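Dear colleague,

Please find below the structure that I am handing over to you. My notes on it follow directly after.

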Amino acid sequence: MIHQDSKTILEVSGLRAAVDGVEILKGVDLIVKSGEVHAIMGTNGSGKSTFAKVLAGHSAYQVTGGSVLFEGRNLFDLEPEERARAGVFLAFQYPIEIPGVSNSHFLRLAYNTLQSQRGKDELDPLEFEDFVREKMRLLEMNPNFLDRGVNEGFSGGEKKRNEILQMALLEPRLAILDETDSGLDIDALRIVTNGVNKLANKDNAIILVTHYQRMLNYIEPDYVHVMRGGRIVKTGGKELALDLETRGYDWVGVERRAPASA
Amino acid sequence: MSMSLVNSNSYLESLLQGQPRLQPSPLAWFNQLRANAVDHAGRLKLPTTRDEEWRFTDLSPLVRQSFQPARTAAALQSADVEHFSVAEAAIRLVFVDGKYMPELSTPAERLGNRGLIVTNLASAITANAEAIEPHLGQYARFEDNLFAALNTAFLHDGALVIVPRDAAIDTPVHVLLIATQPEAASHPRCLFIAEAGSEVTILEDYVSLNEAAYITNAVTEIAVGDNARISHIRVQRDGIEAFHIGNCAVSLAHASRYRSVSVALGARISRYDLNTVLDAEGAECVIDGLALIHDHQLADTHSSIDHAKPNCTSRQLHKCIADDSAHAVFNGKVMVRPDAQNTDSAQSSRNLLLNAKARIDTKPQLEIFANDVKCTHGATVGQLDSEELFYLKSRGLSGVAARNLLTYAFGAEIIDRIPIASLKYRLEQTVLEQTKKN
Ligand SMILES: Nc1ncnc2c1ncn2[C@@H]1O[C@H](COP(=O)(O)OP(=O)(O)O)[C@@H](O)[C@H]1O
Ligand SMILES: [Mg+2]
């Protein structure tokens with residue numbers, strides 16, 4: 001929700017990033033304020049996940065230009081764990097499995113790390129068990145997912161729910177949800193998006209990365225951006241997503257395509 | 001001891017100095033066994049890295065150290081050993097520097113399990129000679145194994161477990177071997193016999209109240225009778241300056257099952273040889289191991305699984321985690337004899353290097369002489385997965401916490417297989433502590 005006394009949470013200017021020397025992000029500009037929901041759409045390979053992982057601090061990506069301010073601080077001064085503690089959260093497009101690390105142990109460690117960072121009380125295993133079960137109810141997750149290894153043997157949809165469960169536990173200032181809708185059937189999509197909506201408030205912000213407008217029926221964006229070739233080439237309101245649904249992506253940003261020498 | 005033994009090697013000489021003369025036994029076969037071992041020990045030399053079986057394990061620090069037989073054992077109070085106790089184990093045998101401590105032990109007769117013998121070998125050997133003779137010294141061959149020969153030459157005491165036919169012992173048997181004296185050499189000898197159809201869980205647990213150098217040279221023999229089952233947990237948490245040499249030899253009879261989890265955490269240099277012979281049809285063994293070492297520790301595990309008869313199954317998962325400048329060695333031999341058709345064997349060696357200076361040498365060896373078999377083996381040596389580390393850090397865990405958690409998980413896969421909950425918990429805490437670096 002766009003509102004008057006919102007604060008700037010994220011300010012991305014001219015962000016460039018490369019992987020193995022190949023530039024993928026070629027000057028991304030984006031401003032996100034508290035209370036807002038932004039959707040970033042675009043075809044496969046346009047750089048959406050790269051953008052998300054650069055924000056989270058994945059070491060495979062080298063930032064080659066531009067800047068990112070998170071609540072006024074240079075995001076690139078922070079290690080990935082410091083970003084998480086400052087309130088950046090990425091729900092991964094492909095959450096990895098960590099066999100042998102129990103999900104409940106992992107969730108509690110993450111939760112308690114952030115609690116102590118925020119000067120709040122940590123929870124012991126029993127207290128945490130109650131707390132996490134309540135959050136799981138919100139996402140209609142079976143509690144036996146706590147006893148399994150992190151994402152171990154989870155279906156695609158279960159992994160996505162586990163990501164949003166982490167969001168619910170960590171209460172980030174900025175949540176970037178990378179294709180959280182993929183792998184979810186229609187019921188699961190309704191449950192997960194309902195959970196996300198409950199977590200959204202006037203002090204935090206959400207970036208939804210998706211290439212279908214389906215999810216946007218459930219989480220209403222304030223802005224829709226189209227990414228193409230590593231840049232945001234068009235920004236509009238939620239009606240842009242419907243346009244994209246009917247017309248595809250080919251027409252977007254063509255008129256703005258930069259000359260090869262740029 | 002005979003002169004030939006003393007003259008053979010200056011190292012052995014030092015090991016033997018002051019060794020109390022062992023009383024001859026009234027059992028002729030027992031005296032003969034010792035005498036044979038003395039004979040072999042006298043001929044065998046201390047292995048060097050030129051010996052294929054000891055390629056990576058340099059024993060020269062052992063030679064630079066002098067050892068004496070343990071003096072009269074320190075009078076330990078139960079309070080001193082209480083933190084080693086395992087709640088589930090109603091039967092416990094405690095040895096301090098190799099000496100049996102009846103006042104710290106709870107042998108089987110106090111439980112009233114009829115026919116079950118759990119006591120120290122020295123006190124029971126004469127009365128149970130008939131049951132013991134077919135097994136003692138029959139599996140742990142010492143013809144080309146100096147340490148087994150020395151142990152047999154000094155054969156005097158250790159744990160004796162005889163589970164009678166068709167008995168299922170519902171409490172684990174805890175054999176607790178505590179080292180207390182610096183520079184002491186001990187040669188504990190254990191014998192575990194599960195008669196036909198019986199079932200038992202035994203924990204062989206080497207601990208220390210002593211951070212100085214000492215040597216434990218242990219031999220354990222295990223006979224699993226027809227349709228019997230033994231679950232054997234071996235934990236080596238010796239002191240950080242200790243030398244630990246362990247030989248374990250297992251013989252499996254028809255349709256029997258041997259399940260083993262061994263965990264090596266301690267000692268400056270440790271070597272564990274586990275030789276399992278699937279000696280009758282339908283036998284099955286599952287052998288898992290973990291070595292978790294750091295600093296300058298060396299942990300060498302050699303295992304051999306001998307499919308001597310058809311229709312047997314073996315499973316093995318061995319893991320090593322080496323940090324700092326530690327060096328872990330695994331050599332796992334699986335042998336399938338010519339008539340061992342329909343063998344089903346799978347072996348896996350998984351290794352984690354936590355430091356560029358650490359080293360892991362792993363060598364699975366498969367020797368197949370039968371044609372209708374299903375055998376797989378594999379080995380990996382790797383580091384922590386960077387995607388897993390990133391995932392954890394993206395949730396706020398520090399790099400150190402992420403690394404600790406993943407290391408712990410790697411080791412916990414083995415520890416989880418220990419069927420004694422309190423021990424499992426304790427070891428998991430130890431692994432957490434040991435992997436924790438701040
Ligand atoms: N780690 C990587 N290594 C090599 N190429 C990569 C890597 N990550 C992304 N790319 C490449 O960058 C481009 C953008 O990918 P990505 O950001 O995943 O797109 P999207 O999420 O929009 O589908 C693609 O061409 C992809 O192949
Ligand atoms: Mg993507």
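Beyond its neighbours within four places in sequence, B:Asn355 is in contact with B:Ala322, B:Asp323 and B:Asp324. Please bear in mind that this model is predicted. B:Asn355 sits in the loop between β19 (343-353) and β20 (359-368) of chain B, and the side chain of B:Asn355 reaches the backbone nitrogen of B:Lys357 at 2.9 Å. Its relative accessible area is 26%, so B:Asn355 is classed as partly exposed. Along the chain B:Asn355 is 268 residues from B:Ala87, and the C-alpha atoms of the two are separated by 36 Å.

Two further residues of chain B may be of use to you. B:Gln365 belongs to strand β20 of chain B. The side chain of B:Gln365 makes a polar contact of 3.5 Å with the side chain of B:Asn331. Not counting residues up to four places away in sequence, B:Gln365 touches B:Asn331, B:Gly332, B:Lys333, B:Val334, B:Gln347 and B:His377. B:Leu389, for its part, is in helix α9 (residues 386-393) of chain B. With residues up to four places away again left out, B:Leu389 touches B:Leu384, B:Ala402, B:Arg403 and B:Leu406. From B:Leu389 to B:His254 the separation is 135 residues in sequence and 47 Å in space, C-alpha to C-alpha.

I turn now to the ligands and chain A. Oxygen atoms of ligand 1 are approached by the backbone: an N or O atom of A:Gly45 lies 2.7 Å from one, and a backbone N or O atom of A:Gly47 lies 3.1 Å from an oxygen atom of ligand 1. A nitrogen atom of ligand 1 is 3.0 Å from an N or O atom in the side chain of A:Tyr61. Taken alone, ligand 1 exposes 560 Å², of which the protein buries 60%.

The magnesium ion (ligand 2) is coordinated by A:Ser49, through OG, and by A:Gln93, through OE1, at 2.0 to 2.2 Å. A:Ser49 lies in helix α1 (residues 48-56) and A:Gln93 in the loop between β6 (88-91) and β7 (98-102) of chain A, so the pair ties together parts that are 44 residues apart in sequence. A:Gln93 counts as buried because its relative accessibility is 16%, with the cut-off for buried being under 20%.

Helix α1(A) is itself largely enclosed by the rest of the structure, because eight of its nine residues are buried. The buried residues of α1(A) are A:Lys48, A:Ser49, A:Thr50, A:Phe51, A:Ala52, A:Val54, A:Leu55 and A:Ala56. After α1(A) comes A:Gly57, which has a positive phi near 100 degrees.

Helix α6 of chain A (residues 186-199) also passes a simple length check. At 1.5 Å a residue, its 14 residues should span 20 Å, and its end C-alpha atoms are 20 Å apart, which agrees. At the N-terminal end, α6(A) is capped by A:Asp185, a side-chain oxygen of which lies 3.2 Å from the backbone nitrogen of A:Asp187. Buried in α6(A) are A:Ala188, A:Leu189, A:Ile191, A:Val192, A:Thr193, A:Gly195, A:Val196 and A:Leu199. The cover over these buried residues includes α4 (125-138), α5 (156-170), β9 (174-178) and β10 (205-209) of chain A.

A:His225 is in strand β11 (residues 223-228) of chain A and counts as buried at 5% relative accessibility. The side chains of A:His225 and A:His38 are joined by a polar contact of 2.8 Å. Apart from neighbours within four places in sequence, the contacts of A:His225 include A:Leu30, A:Ile40, A:Ile232 and A:Thr235.

A:Asn151 lies in the loop between β8 (149-150) and α5 of chain A. Although A:Asn151 is a residue other than glycine, its phi is positive, near 60 degrees, and its relative accessible area is 0%, so A:Asn151 is buried. A:Glu179, in the loop between β9 and α6 of chain A, likewise is not a glycine and has a positive phi of about 50 degrees. At 3% relative accessibility, A:Glu179 counts as buried.

Yours sincerely

Definitions and conventions
Residues numbered from 1 in each chain as written. Chains lettered and ligands numbered in written order. Predicted model: local features only at pLDDT ≥ 70, side-chain atom pairs only at ≥ 80, totals over all residues. Heavy atoms only, no water. Helix = DSSP H or I, 4+ residues; strand = E, 2+ residues; numbered from the N terminus. Expected span 1.5 Å × (residues − 1). Buried < 20%, exposed > 50% of the residue type's maximum accessible area, 1.4 Å probe, protein only. Contact = heavy atoms within 4.5 Å. Polar contact = N/O pair within 3.5 Å; in protein donor to acceptor, adjacent residues only side chain to side chain. Donors = N, O, S within 2.8 Å, 3.2 Å for Na, K, Ca; no water. Areas by Shrake-Rupley, 256 points an atom, 1.4 Å probe, with all protein chains shown as cover.
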